[in-house]
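Let's take a friendly walk through one protein model. Have a look at the sequence and the fold, then read on.

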Amino acid sequence: MTTIKAEGAWLTDQTRGLFDAILSLESVDDAAAFFRDLCTLGELHDMAQRWAVVRMLEDGLHYAEISQRTGASTATITRIASWLHHGQGGYRAALDRRKTVSPGRGKRAASRPYPTRPEH
């Protein structure tokens, strides 16, 4: 079990309740419906972009390549890299978990390894 580093008062009963709700979801479809109800499209885009950046950093892509593929600024990529390497450990846990998740854990949507910006 990971111990959360105490930084301010962000970890409240409300945030814990949110995390419990997320952990109770049984499939990607359930998660998609929950997050669509919970978040604006902009918030979903931002979170998905951050997760794509994390995966690309893990794969060793250069910041300029990540920026080109995702549209994230190099400042945002730098901040995400800092959290990946010096944050709470959540990105690392999720990356490691992706490698070990059993195929039966929910329905996985077929997708590209990373979301990319639409061609114009």
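Thr-70 counts as buried because its relative accessibility is 8%; buried means under 20% relative accessible area, exposed means over 50%, and partly exposed is what falls in between (1.4 Å probe, protein chains only). This residue lies in helix 4. Its side chain reaches the backbone oxygen of Ile-66 at 2.8 Å. Helix 4 is also where Ser-67 is found, and Ser-67 counts as buried because its relative accessibility is 18%. From Ser-67 to Ile-77 there are 10 residues in sequence and 7.6 Å in space, C-alpha to C-alpha.

A word on the ground rules: this is a predicted model, where local features need pLDDT of at least 70, side-chain atom pairs count only at pLDDT 80 or more, and totals for chains, interfaces and linings use all residues. Residues are numbered from 1 along each chain as its sequence is written, and side-chain values use heavy atoms, with hydrogens and water left out.

**The overall fold**

How many helices and strands does the protein have? There are 6 helices and 0 strands, where helices (H or I, at least four residues) and strands (E, at least two) are DSSP runs, numbered from the N terminus. Along the sequence this reads as α-α-α-α-α-α. The protein has 120 residues, and 21% of them count as buried. Contact means heavy atoms within 4.5 Å. Among contacts between residues at least 6 apart in sequence, 55% join residues at least 24 apart. The protein exposes about 8900 Å², with carbon and sulfur atoms supplying 55% of that area; the areas come from the Shrake-Rupley method with a 1.4 Å probe, and for residues only the protein chains shown count as cover.

Helix 3 covers residues 41-58, which is 18 residues. From first C-alpha to last it reaches 26 Å, close to the 26 Å expected at 1.5 Å a residue; that expected span is 1.5 Å times one less than the number of residues. After helix 3 comes Gly-60, with a positive phi near 85 degrees.

Which residues of helix 3 are buried? They are Gln-49, Ala-52, Val-53, Val-54, Arg-55, Met-56 and Leu-57. Their cover includes helix 4 (63-70), helix 5 (74-86) and helix 6 (90-100).

The largest nonpolar core has 13 residues, and Val-53, Leu-57, Ile-66 and Ile-77 have the most contacts inside it. Such a core is a set of buried Ala, Val, Leu, Ile, Met, Phe, Trp, Tyr and Cys residues joined through side-chain atoms within 4.5 Å. Helix 3 and helix 5 are the elements that give two or more residues to this core, and the largest share, 5 residues, comes from helix 3. Leaving aside neighbours within four places in sequence, Val-53 is in contact with Ile-66, Thr-70, Ala-72, Ile-77 and Ile-80.

**Aromatic pairs**

The structure holds 2 aromatic pairs. Rings of Phe, Tyr and Trp (its six-membered ring) pair if their centres lie within 6.5 Å; planes under 30 degrees apart are stacked, over 60 edge-to-face, and the rest tilted.

| Pair | Centre to centre | Angle between planes | Type |
|---|---|---|---|
| Trp-10 and Phe-19 | 6.4 Å | 65 degrees | edge-to-face |
| Phe-34 and Phe-35 | 5.7 Å | 90 degrees | edge-to-face |

Trp-10 is partly exposed, with a relative accessible area of 36%, and Phe-19 is partly exposed at 35%. Phe-34 counts as partly exposed at 24% relative accessibility, and Phe-35 is partly exposed at 22%.

Note on methods:
Polar contact = N/O pair within 3.5 Å; in protein donor to acceptor, adjacent residues only side chain to side chain.
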